[in-house]
Amino acid sequence: MKSSTRVIPNRRLLLAYAIPYFVYVGIASLFAGHLPVELIYALRLLVVSGLIVWAWRWYVPLKGPKSPWASVATGTVAGLAGAAFWVALLWPFAAKNVEPWTDLAFVLRLVAAGMIVPVFEELLMRGFILRLTVQWDNARKEGDKNPLGSALDERSVISVKPGAWTCRAIAISTIAFTLGHHVREWPAAMVFGLLMAFLWIYRKDLLSCVTAHGVANITLALFVRATGNWGLW
């Protein structure tokens, strides 16, 4: 990452973190019912991957001060646990008799859910929102009269110490993550968001979070396909 990114304030960084998320959601909203689901996921993969590559120069590092291999291993275990929690908490609310996806649609969604969704969601939720809230909360505690304005215009998430957290930062980032899901998924999403926050604190990096998120999504997809419980996905 170029050293110049260290002085870019959070307000100017917001677009780079948010646009992949909203474009991913927007493609489905715009084209659902008008294009085959296979084409929708192909568009999501192509467009959002390009946006992530474009914005990568402004992102915080995925690696932290600890061993990346240990973070991948920890993230893998956490991802398996996260998938189990997700199934258990969503099961009572899952839709019944849902039509199975075609083979091509399943593969495209599996790649999207396992490869690109974990990257842009963790960068936005734990890489930007959680860190920004830490900076806002610290400014508030320091007696700043405009703590949010200071956090947006005078600070940069790149400067946040790996693993830094406050209770408000965990709560707000978890709520933001939860609201990005269907209402029936909220209990599962809230627990999963808390799990990702714990990984950030414990491993002090986003690599463990991205790994766990990807493993959980892939495990869930394979479970759904093997059991036929398509309402869980």
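The model is predicted, so local features need pLDDT of at least 70 and side-chain atom pairs count only at pLDDT 80 or more, while totals for chains, interfaces and linings use all residues. Residues are numbered from 1 along each chain as its sequence is written, and side-chain values use heavy atoms, with hydrogens and water left out.

**Exercise 1: the overall fold**

Task: find how many helices and strands the protein has, and compare its radius of gyration with that of a compact globule.

Solution: 
- Start with the elements. Helices (H or I, at least four residues) and strands (E, at least two) are DSSP runs, numbered from the N terminus.
- The count gives eight helices and zero strands, and the order from the N terminus is α-α-α-α-α-α-α-α.
- Next comes the radius of gyration, taken over C-alpha atoms; the globule rule is 2.2 Å times the number of residues to the power 0.38.
- For 233 residues a compact globule would come out near 17 Å, and the protein has 18 Å, which agrees.
- The C-alpha trace spans about 55 × 35 × 35 Å along its principal axes.
- Now look at burial. Buried means under 20% relative accessible area, exposed over 50%, and partly exposed in between (1.4 Å probe, protein chains only).
- Of the 233 residues, 48% are buried.
- Finally, take the contacts, meaning heavy atoms within 4.5 Å. Among contacts with a separation of 6 or more, 81% join residues 24 or more positions apart.

**Exercise 2: helix 3 against helix 8**

Task: describe how helix 3 (residues 68–90) and helix 8 (residues 207–227) pack.

Solution: 
- Two packed helices are described by the angle between their axes and the distance between the axes.
- Axes are lines fitted to C-alpha atoms, for helices over the stretch in contact, and angles run from 0 to 180 degrees between N-to-C directions.
- For this pair the angle is about 40 degrees, and the axes are 7 Å apart.
- Helix 3 is therefore oblique to helix 8. The classes are roughly parallel under 35 degrees, roughly antiparallel over 145, roughly perpendicular from 65 to 115, and oblique for the rest.
- The crossing of helix 3 and helix 8 is right-handed. A crossing is right-handed if the near helix is turned clockwise from the far one by less than a right angle, and left-handed if anticlockwise.
- On the helix 3 side, the residues that meet helix 8 include Gly75, Gly79, Ala83 and Trp86; among their partners in helix 8 are Thr211, Ala212, Val215 and Phe223.
- By class, the contact of helix 3 with helix 8 holds 13 nonpolar, seven polar and no charged residues. Ala, Val, Leu, Ile, Met, Phe, Trp, Tyr, Cys and Pro count as nonpolar, Asp, Glu, Lys and Arg as charged, and the others, Gly among them, as polar.

**Exercise 3: helix 4 against helix 7**

Task: repeat the analysis for helix 4 (residues 103–141) and helix 7 (residues 186–203).

Solution: 
- The two axes come within 11 Å and cross at roughly 70 degrees.
- Helix 4 and helix 7 are therefore roughly perpendicular to each other.
- Helix 4 passes helix 7 in a right-handed crossing.
- Glu122, Arg126, Leu130 and Arg131 of helix 4 make the contact with Gly193, Met196, Ala197 and Trp200 of helix 7.
- The classes here are four nonpolar, one polar and three charged residues.

**Exercise 4: positive phi in the loops**

Task: which loops hold Asn97 and Lys204, and what are their phi values?

Solution: 
- Asn97 sits in the loop between helix 3 and helix 4. Although Asn97 is not a glycine, its phi is positive, at about 55 degrees.
- With 80% relative accessibility, Asn97 is exposed.
- Lys204 belongs to the loop between helix 7 and helix 8. Its phi is also positive, near 60 degrees, in a residue other than glycine.
- Lys204 is partly exposed, at 30% relative accessibility.

**Exercise 5: buried or exposed?**

Task: classify Phe106, Ser156 and Leu15.

Solution: 
- Phe106, in helix 4, has 5% relative accessibility and counts as buried.
- Beyond neighbours within four places in sequence, Phe106 is in contact with Trp101, Ala221, Leu222, Arg225, Trp230 and Trp233.
- Ser156 lies in the loop between helix 5 (147–153) and helix 6 (167–179), and is buried with a relative accessible area of 4%.
- Leu15, in helix 1 (residues 10–31), is exposed at 55% relative accessibility. Its C-alpha atom is 9.1 Å from that of Ala55, 40 residues apart along the chain.
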